Amino acid sequence: MLKLLTIIGARPQIIKSAAISRAIKSYYSTKVKEVIVHTGQHYDSQMSAIFFEELQIPLPKYNLQVGSGKHGEQTAKMIMGIEEILEKEKPDFLLVYGDTNSTLAGAIAAAKIHVPIVHVEAGLRSYNKKMPEEVNRILTDHVSTFLFSPTITGMKNLQKEGFNLQSVAPFTVDNPGIFNVGDVMYDNSLFFAQIAAEKIDILHQLNVEKDKYVLVTIHRNNNTDDEIRLNEIFEAILHISKESKIVMPLHPRTLKQIQHLLDKSILDALNHPNILMIPPVSYLEMIQLEENSHIIITDSGGVQKEAYFFSKPCIILRSETEWTEIIESGSGILCDAIKEMIIKTYHLFVNKEKVLFTNIYGAGDAAVNIINILLDSTH
Ligand code: UD1
Ligand code: UDP
């Protein structure tokens, strides 16, 4: 039995983990045992608990309940908790997703006591080291034994950093295995889209119609914590709301910051029937909202990709992205936090033909590919 210790903590990781947990339950229950550790980085029920039941993710055996805090404090508490659990559970591998502080904490704890690390979503780079996520993903990749990239771009990025893409087993931290396996988020979108279409009536609840609203998410720290950027973004949204309904499930971070940083006139103007500012929604609700939207505006990595999966044009509130294929396809445009650019791109997209989707994120079997490679490596 292969024993995997999986670290989750932030919303996107909980969602991503559903793909691997589902694959284990469906095909590998006699070969793989998964122990899940929740760091507690996200803790509101709409940011965490809601996903477990909806996506049938096994409940974590451990919850470190670390909560919010400065980077150092939050990451340090996680490292302490994860180290203890690793010593007790003695897994064959530690599995981490993406690029959050929970990812880095897992990687540091495991690397120091020689538990091999599996990094899912390896190789992604924004080439902006001021992003906390860029630091987290670079450091995690460089102590991992298995690097599972979702894209060809990820593979090329790793090659540029000196990783040998042709390495062969036995894999170790000094001879890591590098694989392009596809994207577990694409696995999930394929698996859950039909279920969401059958079960969820969020459009009806919000009183919005298919193709007649713009879906917006904002949470990246350089947008939420910067007064000028936050005001530019919300001015643009106000402008667009004169032409279209806006559905905006707000991350708690953003909800807090708009009260402090938005000009009062902008904050007051947001109280308008065309602007539906709502709490974070469940994953099934979110993919229903994405699939039926006209245009998506976001600074989220995951939502950018889901826009692409559902062939929606995407206004990206960043100056660079790890998901460069979306920009190359023409379906996403980097607008940073520049009001005029956001509005101009909105008008460009209003009449745009449906985006052509090609399978750059794999075939919906990333989770199975990952487990097969891990099982093969331990024979
Ligand atoms: C984190 C990740 C980011 C990821 C995002 C997904 C890091 C450095 N950042 O950012 O990469 O895109 O998760 O959503 O790991 N808060 C609550 N309730 C919660 C969680 C957070 O109110 O359940 C509020 C707190 O005020 C907290 C703030 O949100 O201080 C930020 O939370 P944190 O987890 O530190 O960072 P995110 O912005 O969520
Ligand atoms: N998501 C969700 N409810 C919401 C907003 C986002 O379920 O209200 C999902 C979204 O569909 C995607 C993931 O959360 O699967 C993206 O997470 P987030 O935007 O928090 O982080 P990022 O991907 O930028 O790290």
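Q: Across which strands does helix α6 lie?
A: Helix α6 (residues 152-160) lies across β6 (146-149) and β7. Its direction runs at about 155° to β7. Contact means heavy atoms within 4.5 Å. Angles run from 0 to 180 degrees between N-to-C directions of axes fitted to C-alpha atoms, for helices over the stretch in contact. Helices (H or I, at least four residues) and strands (E, at least two) are DSSP runs, numbered from the N terminus. This is a predicted model: local features need pLDDT of at least 70, side-chain atom pairs count only at pLDDT 80 or more, and totals for chains, interfaces and linings use all residues. Residues are numbered from 1 along each chain as written, chains are lettered from A and ligands numbered from 1 in written order, and side-chain values use heavy atoms, without hydrogens and water.

Q: What is the strand order in the open sheet of seven strands?
A: Strands of a sheet pair through backbone hydrogen bonds, either parallel or antiparallel. Here the order is β3-β2-β1-β4-β5-β6-β7, with parallel pairing. Pairing takes at least two DSSP bridges between two strands. β3 (62-63) and β7 (177-180) stand at the edges with a single partner strand each, so one side of each has no neighbour in the sheet. Inside, four bridges join β1 (residues 2-8) to β4 (residues 93-97). Ile-7 stands opposite Val-96 in β4.

Q: Which strands are the edges of the six-stranded sheet?
A: That open sheet has the order β10-β9-β8-β11-β12-β13, again with parallel pairing. Its edge strands are β10 (275-278) and β13 (332-334). Neighbouring strands are turned by 15° against each other on average, direction ignored.

Q: Which helices pack on it?
A: Among them is α10 (residues 227-240), lying across β8 (213-217), β9 (245-249), β10 and β11, at about 140° to β9. Another is α14 (residues 301-309), touching β8, β11 and β12, with a direction at about 165° to that of β11. Three bridges join β11 (residues 295-298) to β12 (residues 314-316), and Ile-296 stands opposite Cys-314.

Q: Why does the second largest pocket lie between the domains?
A: A pocket (1 Å grid over protein atoms alone, 1.4 Å probe) is an open set of points with protein on both sides within 12 Å along at least five of seven lines; lining residues have an atom within 4 Å of a point. Domain 1 (2-183 + 363-377) and domain 2 (189-351) both supply lining residues, so the pocket lies between them. Domain bounds come from an automatic or database assignment. About 300 Å³ of space lies in this pocket, a volume filled by probe spheres set on the points. Among its 19 lining residues, Arg-22, Lys-25, Leu-55, Gln-56 and Ile-57 are closest to the centre. α1 gives the largest share, six residues.
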